Amino acid sequence: MKRFFVCLFATVIFCGSLQCKAQNDSIPFLFRGHLYVHATINDTVDCNVLFDTGAADMFGVDSVWLSHSQWIPENYAYAMAGGGAGATKVKIVVDPTKIHIGNVEEHYGIVPIFKLRDVVDCHIDAIWGIKYIADYPFEINFEHNYLKQYKVGKPDTEGYMCLPIKYENNRILFQAETNIGGKSIKGWYLMDTGSGGTVDFTTQTTKQHRLEDIPGKRYITDVTQFGLGDKEQEYFVDMLSNWIVIGNDTIFGKPISYIPEGAGAFSEAPYLGVVGNSMWSKYNIIIDAKNEMLYFSRSKEDTPLVPTYDYSFRNRTDIGSGWIVSALIRDCDAVGAGMALGDTIVTVNERPVTDYSWEEEYNIDEQAKHILEIIGADGQKKQITLEAKLRW
């Protein structure tokens with residue numbers, strides 16, 4: 001289960017090369033559950049950046065990447081940072097910093113240092129939220145994998161559906177409806193490309209709408225470091241929705257999640273839940289925050305649910321020997337076979353994980369069987385064999 005459930009929604013309060021089909025004035029991205037773009041810091045240091053609409057006006061770097069990079073800042077301070085797992089104190093760079101991303105140049109006086117790879121994996125060096133999204137229309141094109149900010153001219157919205165939004169406190173809120181077991185949950189949702197999920201409901205929504213009382217099949221998953229913040233372990237519950245409606249478009253039969261004991265962005269919030277890239281990747285999107293409108297057009301058809309695994313991992317070969325087990329469904333085959341959170345997977349089907357390309361790693365669930373060589377937290381080796389199953 002290489003599921004991208006994490007939420008990198010981040011706010012900071014100061015206290016002390018990729019190739020794809022894209023237009024010349026646009027920014028190409030690689031889609032691996034999240035959107036990755038290439039960036040250059042101060043004209044000399046290259047890094048792999050995750051684009052996150054929840055991180056508007058911010059550029060932050062990973063602590064492990066920074067310690068091994070050629071960028072050596074001179075001045076530091078501290079800040080409080082909030083995300084999907086609460087809040088935590090972080091170190092920040094306070095040197096003037098120039099960032100080039102595609103044809104965009106941006107300047108920052110504050111660059112927070114996060115433990116980003118603890119939340120995603122070693123493929124992320126930094127996180128970026130486009131500046132001036134409130135001033136200029138911004139396009140996310142999943143059909144041809146590019147981003148574009150329209151500082152000159154206007155985007156072509158012919159054939160797009162139109163949906164009113166609210167842009168408040170760097171958040172993009174839109175109205176949608178999710179139906180689970182005959183119960184409709186309608187209202188404001190948060191658009192977040194820092195989340196890889198479908199719909200993740202907050203704790204407040206879980207309680208107010210009594211989601212735990214809705215009849216139907218459900219799975220409980222324990223996960224380490226669900227998002228940025230100081231809550232290191234969380235659990236969420238998966239159910240199958242009847243449908244999800246955004247504007248005039250309806251998507252049927254997709255899993256959703258709710259977080260009974262969430263922190264940070266998933267506790268009390270001015271939105272029902274977070275809508276992530278499992279939904280947005282079906283569309284081409286134009287955000288007109290200044291006029292509070294969202295334009296979107298289907299670029300991909302719905303696909304049937306496929307067999308998957310009941311565990312997930314993060315690639316941490318930057319600091320260790322393999323993929324770290326980061327999520328497990330309770331009472332599942334993996335747990336029954338002896339897998340535990342924090343285990344290190346060193347081979348899959350007799351092949352070292354260090355030999356897998358990023359694309360092969362991303363598509364690992366397509367293999368019908370996983371024969372895993374694992375090193376436990378106690379240093380003991382074990383072998384586990386699992387088969388992909390259709391959960392719903």
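**Aromatic pairs and overall build of a predicted model**

In this predicted model, 17 aromatic pairs are counted, where rings of Phe, Tyr and Trp (its six-membered ring) pair if their centres lie within 6.5 Å. Planes under 30 degrees apart count as stacked, over 60 as edge-to-face and the rest as tilted. A pair of aromatic rings is described by the distance of the centres and the angle of the planes. For Phe 31 and Phe 142 the ring centres are 5.5 Å apart and the planes stand at 85°, so this pair is edge-to-face. Phe 31 belongs to strand S3 (residues 30–31) and Phe 142 to the loop between strand S13 (138–141) and strand S14 (146–149), so the pair ties together parts that are 111 residues apart in sequence. Helices (H or I, at least four residues) and strands (E, at least two) are DSSP runs, numbered from the N terminus. Phe 31 is buried, with a relative accessible area of 17%, and Phe 142 is also buried, at 2%. Buried means under 20% relative accessible area, exposed over 50%, and partly exposed in between (1.4 Å probe, protein chains only).

Residues are numbered from 1 along each chain as its sequence is written. Local features need pLDDT of at least 70 and side-chain atom pairs count only at pLDDT 80 or more, while totals for chains, interfaces and linings use all residues; side-chain values use heavy atoms, with hydrogens and water left out.

One aromatic cluster is formed by Phe 174, Tyr 189, Phe 201, Trp 280, Tyr 283 and Phe 296. Val 275 touches several residues, including Phe 174, Tyr 189 and Trp 280 of this cluster. Other residues touched by Val 275 include Leu 190, Met 191, Asp 192, Thr 198 and Val 199, with residues up to four places away in sequence not counted. Contact means heavy atoms within 4.5 Å. Val 275 sits in strand S24 (residues 273–275) and is buried, at 2% relative accessibility. From Val 275 to Ala 56 the separation is 219 residues in sequence and 16 Å in space, C-alpha to C-alpha.

Two charged side chains lie over aromatic rings. Lys 91 is placed over the face of Tyr 76, at 4.2 Å from the ring centre, and Arg 391 over the face of Tyr 219, at 5.2 Å from the ring centre. A charge sits over a ring if NZ of Lys or CZ of Arg is within 6 Å of the ring centre and within 35 degrees of the ring normal.

The protein chain has six helices and 32 strands. Its radius of gyration is 20 Å, close to the 21 Å given by the globule rule for 392 residues, so the chain is as compact as a globular protein of that length. The radius of gyration is taken over C-alpha atoms, and the globule rule is 2.2 Å times the number of residues to the power 0.38. Along the principal axes, the C-alpha atoms fill a box of roughly 55 × 50 × 40 Å. Of the 392 residues, 57% count as buried. The accessible surface comes to about 16500 Å², of which 47% belongs to carbon and sulfur atoms; accessible areas come from the Shrake-Rupley method with a 1.4 Å probe, and for residues only the protein chains shown count as cover.

The average pLDDT (the predictor's confidence in each residue, from 0 to 100) of the protein chain is 92, and 94% of the residues score at least 70. Over residues 1–6 the pLDDT is below 50, and this stretch has 47 contacts in the model beyond near neighbours in sequence. Residues 13–22 also have a pLDDT below 50, with 27 contacts beyond near neighbours in sequence. Where pLDDT is low, the predicted coordinates should not be read in detail.

Most residues other than glycine have a negative phi. Arg 210, although not a glycine, has a positive phi of about 50°. Arg 210 lies in the loop between helix H3 (203–208) and strand S19 (218–224) and is exposed, at 56% relative accessibility. Asn 349 likewise has a positive phi, of about 55°, and is found in the loop between strand S29 (344–348) and strand S30 (351–352). Asn 349 is partly exposed, at 27% relative accessibility.

Ala 368 lies in the loop between helix H6 (358–362) and strand S31 (369–375) and is exposed, with a relative accessible area of 59%.
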